[in-house]
Amino acid sequence: SSIPGPIICKVQCTVILEIGSVQFSGSSQCGQCFCLDWMPTGEHEYLAAGFYDGTVALWNLNTTSLLLRVQQGDGTLRVFPFHSFVAHDHAVKAIAWSKAHSNFLVTASPDRKIKFWDLRRTYQPINEIKRYLNTEVAWLLPWCGVMVAQENCYAAFGLSGIHYVDAGFLGFKPYFAAPRAGTVWSISGSDWLNTCVSGDNTGEVIAVILPDCMNNTMNIKRPNERRFPVYKADLIHHNAGSNISVSCLHQKEKEANVEKHSSEMEEEDSTSSPVIEPKTYNDTVKKYYLMFDDTDLRNFKNMVSREPFKRIQKVDKAKTHPDRMPLESVYKVRFNPNLDAHGWVLSSGQSGIVRAHCVQSLNTHVSKKLIKECRAQFSSMFQPTEAEDVENSTK
């Protein structure tokens with residue numbers, strides 16, 4: 001066929017990062033590695049990792065020390081960490097390096113603690129906050145704090161979702177950015193848009209525009225107007241295919257049909273006997289199919305009256321289904337970190353489908369000014385000098 005097949009690459013190992021030292025290997029004691037993060041400054045030669053026993057290890061990939069760099073017989077390199085310390089009593093599930101300063105690091109663990117570290121003195125954290133069970137953290141460049149995604153098992157009713165937690169420098173209370181009915185599995189931030197995006201187990205991806213976090217966020221008014229749904233994934237029963245037509249001519253008809261189907265399913269659940277839900281992928285796809293409801297973010301006319309925005313206002317009434325396979329769940333979301341493509345978001349979940357969305361319309365006047373200044377700065381940094389122009393002309 002004219003369509004080329006998928007490219008399958010065989011990865012060749014060149015460097016092995018290992019816990020311990022030349023004389024002692026501690027990989028078996030530290031257990032599984034749960035999280036990694038590159039230092040976002042310089043040549044990205046530093047790497048931090050969190051392990052099962054609560055250990056955090058730091059590697060320098062360009063090290064020339066004979067005590068940290070060992071050449072093996074097959075040509076691969078074994079690199080040992082130049083520093084490691086015990087950060088938590090339990091596994092380190094999330095780790096993030098500060099983008100403003102390379103000496104600061106944040107870790108999160110199932111012990112429900114978030115710890116901020118100064119790598120120059122790791123015997124004691126700078127700040128320690130005990131909150132809910134955290135799943136992922138994101139450290140945005142302008143602010144001295146992190147965005148935290150949380151499980152809903154330890155959270156009080158209505159307090160599960162996305163929080164901004166101050167590192168302790170300003171002493172502000174956590175800012176509740178967006179409530180979520182289910183567990184928020186992933187979160188990502190954009191330094192250009194001052195926006196974070198999250199994905200949860202209900203299948204919804206939302207974007208939240210952050211306020212000025214250098215001021216007290218307790219005075220923020222109407223925070224619900226800062227939340228924008230990107231899309232929602234729903235599991236629809238095959239028998240309901242006649243009631244919900246994906247090829248609806250008008251968006252209002254589609255939204256009305258989805259709302260009607262949801263109310264009918266709720267009535268059936270309340271009146272009928274408990275139904276055994278499928279637990280495997282093969283059984284789930286025989287009974288349900290996925291429907292993605294994308295929000296039109298090209299314009300914001302009558303935004304509050306649209307169905308996606310009405311849905312996120314009723315997040316406390318949202319229903320989760322822990323007894324069935326979460327085929328609609330979104331497990332990973334990521335902003336594009338590059339300036340020229342800063343408005344693109346990738347998301348993927350249990351279904352194995354990777355989706356790309358453009359949220360560049362969320363640019364505010366502050367972000368537009370920042371992007372214009374950064375582009376001018378980059379142009380001046382990489383603009384060829386007069387000597388280079390003369391050299392190129394002679395060639």
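Predicted model: local features only at pLDDT ≥ 70, side-chain atom pairs only at ≥ 80, totals over all residues.
Two strands are counted as paired if DSSP finds at least two bridges between them. Strands (E, at least two residues) are DSSP runs, numbered from the N terminus. Residues are numbered from 1 along each chain as its sequence is written, and side-chain values use heavy atoms, with hydrogens and water left out.

**Sheet 8-9-10-11**

- Four strands, in the order 8-9-10-11, make up an open sheet with antiparallel pairing.
- Strand 8 (94-97) and strand 11 (127-130) each have a single partner strand, so one side of each is left without a neighbour in the sheet.
- Neighbouring strands are turned by 15° against each other on average, direction ignored; the axes are lines fitted to C-alpha atoms, and angles run from 0 to 180 degrees between N-to-C directions.
- Lys 113 has Lys 130 of strand 11 opposite it.

**Sheet 21-22-23**

- An open sheet is formed by 3 strands in the order 21-22-23, and its pairing is antiparallel.
- Its edges are strand 21 (330-335) and strand 23 (354-358), each of which pairs on one side only.
- From one strand to the next, the twist averages 20°.
- Strand 22 (residues 344-349) and strand 23 run antiparallel and are joined by 5 bridges.
- Val 345 has His 357 in strand 23 as its bridge partner.
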